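Please open the model in a viewer and keep the selection panel at hand.

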Amino acid sequence: MENEFTTEIYYDDDADVSTLNDTVAVLGYGSQGHAHAQNLHDSGVDVVVGLHEGSSSRDAAESDGLTVKTPADAVAKASYVSVLVPDTVQPTVYENAIEPNLEAGDTLQFAHGLNIHYNQIQPSEDINVTMVAPKSPGHLVRRNYNNDEGTPGLLAIYQDMTGEATDEALAYAKAIGCTRAGVIETTFQEEVESDLFGEQAVLCGGVTALIKAGYETLVDNGYSPEMAYFECLNEMKLIVDLIYEDGLNGMWDSVSYTAEYGGMTRGDDIIDEKVRENMEETLEEIQNGEFAREWILENQAGRPSYNQLRKAEKNHEIEEVGEQLRDLFSWAEEE
Ligand SMILES: NC(=O)C1=CN([C@@H]2O[C@H](COP(=O)(O)OP(=O)(O)OC[C@H]3O[C@@H](n4cnc5c(N)ncnc54)[C@H](O)[C@@H]3O)[C@@H](O)[C@H]2O)C=CC1
Ligand SMILES: CC(=O)[C@](C)(O)C(=O)O
Ligand SMILES: [Mg+2]
Ligand SMILES: [Mg+2]
C-alpha cells in the first residue's frame, strides 16, 4: 500500500480476520462497545460481551443476539480483551476483572490509550497490548459497517509479547470495518494527545463554544432565536459535510463569493492569536498530564464540575429552540 505519507496506512488486504482465532471479550456495550461487538460478530469472530451487574446495556446486547457475561467471566473465556468501558472505570475493571483472568499470551485491546499512556493501567509483561481507535463516534462505526463502508482508524502497539500483536490488531481493525477505509499506524502517546486535543479544542469543546457564541451574539442583538439556530447550528452540518467530502476549498467553491470573501477576511479575527495561544495551553495541559490528573480527581470526587457543566449545557436556550425546530421539520429525522 504505497502512499505519499510517511506513516503506514493499512487496508483490508493487509489484514486477516482469522488471526483472531479465539474468543474476543468486549467489555462495555456503549458507543464503541455495541459497534465493535456487533461488527466483530458479523465478521465471524466469536464474541462475548462483559458487563457489570446492573448495566443498562445488558438488554441491548442480548437483544442484539450476543452472549453477555460478567467482565471477569468474559475475560476468562477469551484470548483477546477489548476494553470499551469508560476511561474512568478502566483501571478498576482491569484490577478487579481483567488482570486476574488474563493468561500469558493474551491480548489487551483499547480504543483510546489514556490509561496506558498516563500509567493508570500497567499491564503485565506477558501479554500483548494493542490499540485500534476508530476516528468516529461509535454509532457511525456500526452504521458504516452495515452500509458496507469503513471508518478510518488508528493502530498502535504498546507491547508485542507474542510477535503477533500487529497482525492481531489488523485483524481486529478489519473485523470492525476500519481497514475498509484505512488504518494509520501511530503510538499510544500520539493517539492520546491528538485525540484529547481534538475533542477539547476543535471537535466537541471548540465547535460547541463557537456555535453558542454565534447564537448568543445574534440573539443578544435582537435576532430571532430560530434565525440564530438555523444560521449557527443547523447549517453547520451542511458546511462541514462539504468540507468532509471535498476539503476546505470544496466548501469555499460551493458557497457564495460573498461568503468566501467575508469568511476568509474575518475568520482569523474570530480564531485570533489569543485563541491560538489558548490551544497551545490546552495541548500543554494534555502533554504534561495536568488534564488527565484533573479528570481522574473529578471522578474520584463524584464529578461535581462535570454534572454542573452538563446541566448548564442541557439548559442552554439553543437546546430548547433546537428541539422545537427539529420536531417541526422532517429533515432532522434519525437516519
Ligand atoms: N464514544 C466514542 O465514540 C469513542 C470512544 N472511544 C473510547 O472507547 C472507550 C469506551 O468509551 P464509550 O464507548 O464512549 O463508553 P460508553 O460510556 O458509551 O459505554 C460504556 C459501556 O461500559 C459499561 N460499563 C460501565 N461501567 C462498567 C463496568 N464497571 N464494568 C463493565 N461495563 C461497564 C456501560 O454499561 C456501557 O455499556 C473509551 O476508552 C473511549 O475513550 C474511542 C473513540 C471514540
Ligand atoms: C468520538 C471521538 O472520537 C471522541 C470525541 O474522541 C470521543 O468520543 O472520545
Ligand atoms: Mg476521538
Ligand atoms: Mg476521545
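This is a predicted model: local features need pLDDT of at least 70, side-chain atom pairs count only at pLDDT 80 or more; totals for chains, interfaces and linings use all residues.

Residues are numbered from 1 along each chain as its sequence is written, chains are lettered from A and ligands numbered from 1 in the order in which they are written, and side-chain values use heavy atoms, with hydrogens and water left out.

**Domains**

Select residues 9-186 for domain 1 and 198-328 for domain 2; these bounds come from an automatic or database domain assignment. The centres of domain 1 and domain 2, taken over C-alpha atoms, are 31 Å apart.

**Ligand 1**

Next, select ligand 1 and the 23 residues that surround it (a heavy atom within 4 Å). Ser 31, Gln 32, Ser 55, Ser 57 and Asp 87 are the closest. Helix 1 (31-42) and helix 4 (90-98) each supply at least two residues of this shell; helices (H or I, at least four residues) and strands (E, at least two) are DSSP runs, numbered from the N terminus. By class, the shell has 11 nonpolar, 11 polar and one charged residues. Here Ala, Val, Leu, Ile, Met, Phe, Trp, Tyr, Cys and Pro count as nonpolar, Asp, Glu, Lys and Arg as charged, and the others, Gly among them, as polar.

Now display distances to oxygen atoms of ligand 1. A polar side-chain atom of Asp 87 lies 2.6 Å from one such atom. For Tyr 29, a polar backbone atom is 2.9 Å from an oxygen of the ligand, and for Gly 138 a backbone N or O atom is at 3.1 Å from a ligand oxygen.

**The largest cavity**

A search of the whole structure finds one cavity of 30 Å³ or more. On a 1 Å grid over the protein atoms alone, a cavity is a set of points where a 1.4 Å probe fits but cannot get out, and a pocket is an open set with protein on both sides within 12 Å along at least five of seven lines; lining residues have an atom within 4 Å of a point. Grid points are joined across faces, edges and corners, and a volume is the space filled by probe spheres set on the points.

The largest cavity has a volume of about 40 Å³. To see its lining, select Leu 20, Tyr 80, Thr 107, Gln 109, Thr 130, Glu 168, Ala 169 and Tyr 172. Helix 7 gives the largest share, three residues.

**The second largest pocket**

Finally, turn to the second largest pocket, of about 200 Å³. Among its 15 lining residues, Gly 28, Leu 51, His 52, Val 85 and Pro 86 are the closest to its centre. The lining has eight nonpolar, seven polar and no charged residues.

Key
A polar contact is a pair of N or O atoms within 3.5 Å; within protein, one must be able to donate a hydrogen and the other to accept it, and residues adjacent in sequence count only if both atoms are side-chain atoms.
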